[in-house]
Amino acid sequence: MKFLFELMLSMLLLTNGASGEPITKEEIHSYLKMHHLKYAEVKIVNDQSALLVSVKGEDAKASILTKSPNNKLVMQPNQYVWKEDEEGISVQKLGDYLCVVIHDRAVPHDIDFVNIIYTDENWIERKDRYYFNGKQALVIPIPIQQKYLVVAIYGNDGFIHDMSKHLP
């Protein structure tokens, strides 16, 4: 199922700039409100598509919303669901993006930010920091051509959760 989801996401990324007006955050939020849908994170990945992540208990779910050539928003039928780890965190690679999710079990830690640590093409260690700003999920672009990342998540109560991710 993940393979099909990533294949669809990759194909949508390749069709960037297809006909029609670009998708906007306002259109996405109107669509979600009209259909009574709630998502923890919405990331526009190209002119015609957005990656949406929802969190419910121990499950996280990724969906893709696209804008058709006639400017209508369409939720794609393929979705991908994964589970939290023992600390209430999940990190999942979805195409060229890394999805970091704070599940209900980890919410009391008041998660502040995540560091993505990797080495660049000159073997120099780099660290990119992303703030949650009260959200339960982040969709982060994966640094180009990275096979290994360290993902370190920090809470305001001293909580630290780090993991190594191998990106095939």
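**Figure 1. The largest nonpolar core of the predicted model.** The largest nonpolar core has 20 residues, and those with the most contacts inside it are Ile89, Val91, Leu98, Val114, Ile116, Val151 and Ile153. A nonpolar core is here a set of buried Ala, Val, Leu, Ile, Met, Phe, Trp, Tyr and Cys residues joined through side-chain atoms within 4.5 Å, where buried means under 20% relative accessible area, exposed over 50% and partly exposed in between, calculated with a 1.4 Å probe on protein chains only. At least two residues of this core are supplied by each of S6, S7, S8, S10 and strand S11 (148-155), and S8 gives the largest share, four residues. Helices (H or I, at least four residues) and strands (E, at least two) are DSSP runs, numbered from the N terminus. This is a predicted model, in which local features need pLDDT of at least 70 and side-chain atom pairs count only at pLDDT 80 or more, while totals for chains, interfaces and linings use all residues. Residues are numbered from 1 along each chain as its sequence is written, and side-chain values use heavy atoms, with hydrogens and water left out.

Figure 2. Leaving aside neighbours within four places in sequence, Leu98 is in contact (heavy atoms within 4.5 Å) with residues including Val91, Gln92, Lys93, Ile116, Leu138, Val151 and Leu167.

**Figure 3. Strand S7 and its two partners.** Six of the six residues of strand S7 (residues 97-102) are buried, so this strand is largely enclosed by the rest of the structure. Tyr97, Cys99 and Val101 point one way from S7, whereas Leu98, Val100 and Ile102 point the other way, and all are buried. Two strands are taken to pair if DSSP finds at least two bridges between them; S7 pairs in the antiparallel sense with strand S6 (residues 89-94) over six bridges, and with strand S10 (residues 137-141), also in the antiparallel sense, over five bridges. Val100 of S7 stands opposite Val91, and Val100 also stands opposite Leu138 in S10.

**Figure 4. The S6 and S7 hairpin, with Lys93 and Gly95.** The hairpin of S6 and S7 has two residues between the strands, and Gly95 takes a positive phi near 65° in this hairpin. Lys93 has its place in strand S6 and is buried, with a relative accessible area of 18%. The side chain of Lys93 reaches the backbone oxygen of Gly95 at 2.8 Å.

Figure 5. Val107 lies in the loop between S7 and strand S8 (111-119) and is partly exposed, its relative accessible area being 43%. Not counting residues up to four places away in sequence, Val107 touches Ile102 and Gln136. Val107 and Gly134 are 27 residues apart in sequence, and their C-alpha atoms are 9.7 Å apart in space.

**Figure 6. The open sheet that contains S8 and S11.** Four strands form an open sheet in the order S9-S8-S11-S12, and the pairing is antiparallel. The edge strands are strand S9 (125-131) and strand S12 (160-166), each of which pairs on one side only. Neighbouring strands of this sheet are turned by 20° against each other on average, direction ignored; axes are lines fitted to C-alpha atoms, for helices over the stretch in contact, and angles run from 0 to 180 degrees between N-to-C directions. S8 and S11 pair in the antiparallel sense over six bridges, and Ala152 in S11 is the bridge partner of Asn115.

Figure 7. A search of the whole structure finds six salt bridges, a salt bridge being a side-chain nitrogen of Lys or Arg within 4 Å of a carboxyl oxygen of Asp or Glu. Glu27 forms a salt bridge with Lys67, in which the closest N and O atoms are 2.7 Å apart. Because Glu27 lies in helix H2 (residues 25-34) and Lys67 in strand S3 (residues 59-67), the pair ties together parts that are 40 residues apart in sequence. Glu27 counts as partly exposed at 27% relative accessibility, whereas Lys67 is buried, with a relative accessible area of 6%. The side chains of Glu58 and Lys83 meet in a salt bridge at 3.2 Å, N to O. Asp59 forms a salt bridge with Lys83, with the closest N and O atoms 2.8 Å apart, and this pair links distant parts of the chain, Asp59 in strand S3 and Lys83 in strand S5, 24 residues apart.

Note on methods
A polar contact is a pair of N or O atoms within 3.5 Å; within protein, one must be able to donate a hydrogen and the other to accept it, and residues adjacent in sequence count only if both atoms are side-chain atoms.
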